[in-house]
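Colleague: Could you take me closely through the aromatic pairs of this model, and then through the packing around them?

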Amino acid sequence: FAPISIVASVPLIIITSHAARSVQELIALARADPGKLTFGSVGIGSVSHVSGELFNTMAGTRMVHVPYKGGAPAVQAALAGEVAVMFATSLESIGHIKGGRVRALGITSSKRSPVAPEIPTVSESALPGFEVDAWFGLLAPAATPRAIVDRLSHEVAWALDAPEIKRKFADLSVVPMPTTPDQF
């Protein structure tokens with residue numbers, strides 16, 4: 001592939017309908033009964049899976065991974081209490097959080113989100129240095145001429161600078177991240 005541009009970065013949010021009210025409480029509960037609490041993900045090897053495993057490593061916990069076939073079933077499992085927590089993207093979870101159907105324990109980005117500033121970062125609340133963001137990028141076939149790749153990269157940057165795109169991204173807690181092909 002020929003990289004064109006990273007388009008956006010999306011934080012994950014630890015969501016729950018379980019007893020935990022904070023990241024610290026989640027860690028305490030998970031440490032008190034190793035292997036009892038579960039975390040859902042959108043599938044093995046996904047950013048939500050890797051985030052949960054990083055959390056286990058940094059927190060010294062042993063929550064059990066439960067993979068689902070995509071975001072919708074994983075979020076539904078968290079809403080229904082089938083799993084204790086899920087590391088869900090802000091895109092998957094912010095509506096459920098604002099609707100009161102699930103609690104947010106922490107956001108995985110380095111800074112609080114302007115969309116939900118009341119959600120502390122995992123790093124500030126319990127695990128200094130914990131940071132995970134999903135990102136989305138554009139790629140072209142490897143043989144695409146560099147002039148076309150550069151033009152597409154320029155157009156992506158132009159589009160991401162549009163006020164309506166910035167507004168829509170901000171509403172979803174998505175951070176535009178245009179890059180050059182070389183930066184990507």
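Modeller: The count comes to four aromatic pairs, where rings of Phe, Tyr and Trp (its six-membered ring) pair if their centres lie within 6.5 Å, and planes under 30 degrees apart count as stacked, over 60 as edge-to-face and the rest as tilted. One of them joins Trp135 and Phe184 edge-to-face, with 5.5 Å centre to centre and 90 degrees between the planes. Because Trp135 lies in strand S6 (residues 133-140) and Phe184 in the segment after strand S7 (175-176), this pair ties together parts that are 49 residues apart in sequence; strands here are DSSP runs of E with at least two residues, and helices are runs of H or I with at least four, numbered from the N terminus. Trp135 counts as partly exposed at 48% relative accessibility, and Phe184 is partly exposed too, with a relative accessible area of 25%; buried means under 20%, exposed over 50% and partly exposed in between, with a 1.4 Å probe and protein chains only.

This is a predicted model, in which local features need pLDDT of at least 70 and side-chain atom pairs count only at pLDDT 80 or more, while totals for chains, interfaces and linings use all residues. Residues are numbered from 1 along each chain as its sequence is written, and side-chain values use heavy atoms, with hydrogens and water left out.

Ring pairs also link Phe39, Phe55, Phe87 and Phe130 into a cluster. Leaving aside neighbours within four places in sequence, Val85 is in contact (heavy atoms within 4.5 Å) with Ile14, Ile15, Thr16, Leu26, Thr38, Phe39, Gly40, Met63 and Leu105.

Not counting residues up to four places away in sequence, Ala19 touches Glu25 and Arg103, and the C-alpha atoms of Ala19 and Gly81, 62 residues apart along the chain, are separated by 10.0 Å.
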